[in-house]
Amino acid sequence: MLRRRQIWISAARPGRTHDNTAARHDHVVTHLRAAGLGALADLGFRGLDNDIRDPVIVTGLTATRAHKLTTGQRVANRVLATGRVPVEHGFAHLKNWRALTKLRANPVRATPSCAPCSS
């Protein structure tokens, strides 16, 4: 059985905060690079890591009207999605956690109240 361990969790933010904005504010790319880690991310994180030679954040590829994905690119997207499934399941479990559904507070006040759950 593969064991996973959470290494970091950010402070609570308003739900309207975009993924890239939150990641830039928390310097996620810098922290991952310093720890020698990488991340598989969804398309919401495109453009976050612009280092083409040594990317830390790996996102899928998108098709446009003028540029269709090749078979290899579609396979790469499928492999990436397969690696992200456990993460998405984890997020789904968090969304079903009763303590979070009852939380109706400013995110600044929510972070200290959830601090014990991150240890």
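Predicted model: local features only at pLDDT ≥ 70, side-chain atom pairs only at ≥ 80, totals over all residues.
Author: Residues are numbered from 1 along each chain as its sequence is written, and side-chain values use heavy atoms, with hydrogens and water left out.

Reader: Why is Asn20 called buried?
Author: Buried means under 20% relative accessible area, exposed over 50%, partly exposed in between (1.4 Å probe, protein chains only). Asn20 has 9% relative accessibility, so Asn20 counts as buried. Asn20 sits in helix H1, residues 19-25. Helices are DSSP runs of H or I with at least four residues, strands are runs of E with at least two, and both are numbered from the N terminus.

Reader: What does the side chain of Asn20 reach?
Author: The backbone oxygen of Arg46, at 3.1 Å.

Reader: Which residues does Asn20 touch, not counting those up to four places away in sequence?
Author: Gly44, Phe45, Arg46 and Leu48. Contact here means heavy atoms within 4.5 Å.

Reader: What makes Asp26 and Arg13 a salt bridge?
Author: The rule asks for a side-chain nitrogen of Lys or Arg within 4 Å of a carboxyl oxygen of Asp or Glu. In this pair the closest N and O atoms are 2.5 Å apart. Asp26 is in the loop between H1 and helix H2 (28-35) and Arg13 in the segment before H1, so the bridge ties together parts 13 residues apart in sequence.

Reader: Are Asp26 and Arg13 buried or partly exposed?
Author: Asp26, at 15% relative accessibility, counts as buried. Arg13, at 26%, counts as partly exposed.

Reader: Which residues are linked with Arg33 in a network of salt bridges?
Author: Asp49, Asp51 and Asp54. The closest N and O atoms of Arg33 and Asp49 are 3.3 Å apart. Arg33 lies in helix H2 and Asp49 in the loop between strand E1 (39-40) and strand E2 (57-58), so that pair ties together parts 16 residues apart in sequence. For Arg33 and Asp54 the closest N and O atoms are 3.5 Å apart.

Reader: How do you know that the length of helix H3 agrees with its residue count?
Author: The expected span is 1.5 Å times one less than the number of residues. H3 (residues 71-95) has 25 residues, so the span should be 36 Å; the end C-alpha atoms are 34 Å apart, which agrees.

Reader: Where does H3 bend?
Author: At Arg84, by about 40°, with Pro86 following within four residues. The bend is the angle between axes fitted to the seven residues ending there and the seven starting there.

How values were computed. Polar contact = N/O pair within 3.5 Å; in protein donor to acceptor, adjacent residues only side chain to side chain.
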